[in-house]
Amino acid sequence: MAKYLSHPTLADQFFRDQGSARGSGELSTILNRVTLAGRMIANAVLRAGLEGKLGRTGDVNVQGEEVKKLDAISNEIFEEVFDGIPVVAGLASEEREEVHVYARDATRGKYVLLHDPLDGSGNLDVNGSVGTIFSIYRRLDPEQPATLADFLRRGSEQVAAGYLLYGPATLFVYTCGGPVHGFTLDRSVGAFFLTHPQIQIPSGGGTYAVNEANERLWDERTRAVVRTFREGRTVCGRRGARYVGALVADFHRTLMQGGIYMYPGEVERPAGKLRLLYEAAPLALIARQAGGHASDGSRAILDVAATSLHQRTPLFLGARADVAEAERLLWAERPD
Ligand code: FBP
């Protein structure tokens, strides 16, 4: 057992070892840059109250949502961190209407990265957990300059995806299409160490997470689904209720303990609130690789081909049996 190292396995060495079969090492470089951006955002979140960076910028983003100061700062951190390396040709962000293509030699940059730089930012001013979600694709034609087509993809084409969770500890969870691995930040040395290798979603137990205050917005089928989970009448058995209000935090609990996260469509907003490309699809890849599933209520999230950058989707995400039960209830002959 190491005497001084927090844990024997450092994230950057782990990425290289895992990627050695792939050879190029470019994906490892990108993942290391994501953890760098994550450490910078974790620090910005930690110090925001001390540096007057809580609250709003006064702007409204493409989503029609008020932008928090830390939303803008986190997005700028990503743009700066990835500007310095040639392997990423461009970024797409919840906070930017258009894709951000780096003005340099177009034949470099085999990859593009999509991200929600600060998910759950409504929690910031109350010191709640928040997160970052990222998704990486190989470009369609690296010989050509990056275009919107490189970003409008099907989730099953992702070469890597994951998230950072800024909670009591800062965690980094990712997959490159194989197992899901989790790392914990040792702030004293600024390094991530492997603490959760080969994560699998437990098949039983856990929680159901949904904003039940939205019940008035749902159709009867959706109300029946949530009522069945609330009353413990699903085929999976009883689930406790938890709702943090940050997708990353609610999903991480589901990944570790089991159950389901739901953000259903609404009568007036059938696609719901969450975005396909940089919220649902990356977490859907994590869920699948951890033995779980993600659905929009009828289709697997990973099968949905994006047609616009900020398109929304209903989301049922978590243990395979729980998501299947939600789908069954949504399409049952008549709501009970
Ligand atoms: P952003 O904060 O990045 O816009 O993410 C959307 C989100 O905050 C999720 O993290 C969270 O699960 C959900 O919205 C909460 O929505 P609501 O407040 O309507 O329950």
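## Two domains

Domain bounds here come from an automatic or database domain assignment. In this predicted model, the protein chain splits into domain 1, residues 11-198, and domain 2, residues 207-331. Their C-alpha centres sit 23 Å apart. To the contact between them, domain 1 contributes 46 residues and domain 2 contributes 32 residues.

## The buried surface

The size of an interface is often given as the accessible area lost when the parts come together. For domain 1 and domain 2, that area is about 2,800 Å², with 64% of it on carbon and sulfur atoms. On the domain 1 side, the residues that lose the most area to domain 2 are I133, L152 and Y163, which together make up 19% of what that side buries.

## Polar links across the interface

Now for the polar side of the picture. Between the two domains there are 18 residue pairs in polar contact, counting those with both residues at pLDDT 80 or more. The interface also holds two salt bridges. E94 and R275 form a salt bridge through their side chains, at 3.1 Å from N to O.

## What domain 1 brings to the contact

Which elements give two or more residues to the side of domain 1 that touches domain 2? They are the strands β3 (88-93), β5 (111-119), β6 (130-138), β7 (160-166) and β8 (170-175). Of these, β6 gives the most, with seven residues.

By residue type, this side of domain 1 comprises 20 nonpolar, 17 polar and nine charged residues.

Note on methods: Residues numbered from 1 in each chain as written. Predicted model: local features only at pLDDT ≥ 70, side-chain atom pairs only at ≥ 80, totals over all residues. Heavy atoms only, no water. Contact = heavy atoms within 4.5 Å. Buried area = accessible area lost by both parts, 1.4 Å probe. Salt bridge = Lys/Arg side-chain N within 4 Å of Asp/Glu carboxyl O. Polar contact = N/O pair within 3.5 Å; in protein donor to acceptor, adjacent residues only side chain to side chain. Helix = DSSP H or I, 4+ residues; strand = E, 2+ residues; numbered from the N terminus. Nonpolar A, V, L, I, M, F, W, Y, C, P; charged D, E, K, R; others polar.
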